[in-house]
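Open the model in your viewer and keep the selection panel at hand. The stops below go one selection at a time.

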Amino acid sequence: MIVDSIFVSMSVLLFTIIVLAGAFLAGLVGSLTGLGGGVIIIPLLTLVLGVDIHYAIGASIVSVIATSSGSAAAYVKEGITNIRIGMFLEIATTISAVIGAIITVYINPGYIAVIFGCILLFSAAMMVRKKVDHSDDKTTGILANFFKLNGSYPTAGGTVKYGVHNVVGGFIMMFVAGIISGLLGIGSGALKVVAMDNIMRLPFKVSTTTSNFMMGVTAAASAIVYLHRGQIDPGIAMPVTLGVLTGATVGSKLLVKTNTDKLKVIFAVVVTFLALQMIYNGLAGKL
Amino acid sequence: MGKHYFADKDIQVILGTLLRVGVIASMLVVFIGGLIYLSGYSREIIDYSVFNPSKTKYSSILAIFQGLSVLDGKAIIQFGTLLLIFTPVTRVVFSIFGFLIERDYLYVLIGVFVLCVILISLSNKLVG
């Protein structure tokens with residue numbers, strides 16, 4: 001690639017500045033669109049800066065922990081996280097995240113790029129599609145009752161009760177989301193939404209906060225595996241984490257007063273382009 | 001609401017604040033480490049085009065602490081990262097105690113299980 005040759009002899013200082021700026025933008029846009037910073041920083045590092053995808057994955061997972069833990073305080077104040085659902089599903093996501101993190105080096109980097117591209121495409125589609133709330137107050141599920149997963153949350157019109165459906169299906173989908181998270185170093189929020197909104201039919205407010213609650217723990221499980229393998233390089237992880245966290249913090253402040261609908265459509269186009277680039281480069285063996 | 005520990009919003013807020021403090025503290029360590037790292041290595045040429053596990057010096061907790069004792073910038077960054085990784089893990093530990101107070105032993109068990117998975121991932125043998 002032509003861009004590779006430009007950056008091939010970059011100094012540590014220049015690299016740090018470029019990655020810091022890129023990570024800031026990734027964090028900002030990731031938080032405004034709800035896509036997360038990891039899915040943007042990995043294409044930036046690999047496609048533009050020619051960084052090996054294994055290093056990019058290691059740096060990205062650290063930024064996932066930072067953003068999810070940093071925003072937990074804000075979410076918790078709203079008091080709608082269902083900690084039981086979170087803990088219960090963490091059984092699936094921590095096991096699968098460790099498995100994903102173990103197998104990732106045995107897979108051809110090209111294939112990882114292709115899988116990454118497919119997840120990007122899926123995330124873009126999920127971002128622009130109209131969300132439908134499937135939640136109801138039927139609390140008859142046997143497993144949901146056994147694990148005490150049904151709950152309630154406060155709204156302006158009083159407390160709303162909700163029932164949890166298809167616990168087995170949600171658990172399996174979460175296992176898949178954890179594998180992808182460990183394999184690619186991303187939060188895989190889009191897959192978690194499928195598990196919680198569509199399969200378990202949780203209300204949006206509960207699924208968003210509970211998914212964020214789980215993300216830090218899930219990412220920590222695979223991050224330790226990455227650290228031991230040497231995939232977390234301080235020279236990359238430092239600018240990525242600082243940049244993404246700062247960008248995400250600014251983004252969450254802007255989010256309150258910005259209408260993001262148009263931004264999401266524009267961004268879906270950009271992400272689709274990045275996804276196709278990742279898939280093309282992966283298939284061509286350039287990554 | 002008395003017997004439902006986690007319905008108690010105050011405790012959740014404290015827990016959320018603890019997480020934020022953990023993130024800020026670890027980021028501060030990463031930032032300081034970053035400055036030291038840049039002051040020493042800024043003119044060096046980066047080489048990240050091929051993943052080489054043997055090149056990363058600080059890939060174990062022991063190595064990170066050894067590097068810390070000589071104030072190596074890279075080791076300080078890795079230490080900050082380590083603090084960050086353990087921030088959500090402490091939340092699991094707190095949750096286990098919460099469920100214990102609530103006498104919800106099923107969820108104490110689930111919490112301990114999740115914690116064990118994370119502790120197992122600490123083993124070097126998984127990396128191969």
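Start inside chain A. Select helix 2 and helix 11 of chain A; their crossing is right-handed (the near helix is turned clockwise from the far one by less than a right angle). Helices here are DSSP runs of H or I, at least four residues, numbered from the N terminus. The two axes lie 6 Å apart, at an angle of about 30°. Axes are lines fitted to C-alpha atoms over the stretch in contact, and angles run from 0 to 180 degrees between N-to-C directions.

Colour that contact by class: 19 residues are nonpolar, 11 polar and none charged. Nonpolar covers Ala, Val, Leu, Ile, Met, Phe, Trp, Tyr, Cys and Pro; charged covers Asp, Glu, Lys and Arg; the others, Gly among them, are polar.

This is a predicted model: local features need pLDDT of at least 70, side-chain atom pairs count only at pLDDT 80 or more, and totals for chains, interfaces and linings use all residues. Residues are numbered from 1 along each chain as its sequence is written, and chains are lettered from A and ligands numbered from 1 in the order in which they are written.

Next, show both chains. In chain A, 53 residues are in contact with 56 residues of chain B (C-beta atoms, placed from the backbone, within 7 Å). Now pick helix 4 of chain A: it gives the largest share of chain A's side, 11 residues. By class, that side has 33 nonpolar, 14 polar and 6 charged residues.

How values were computed. Contact = placed C-beta atoms within 7 Å. Helix = DSSP H or I, 4+ residues; strand = E, 2+ residues; numbered from the N terminus.
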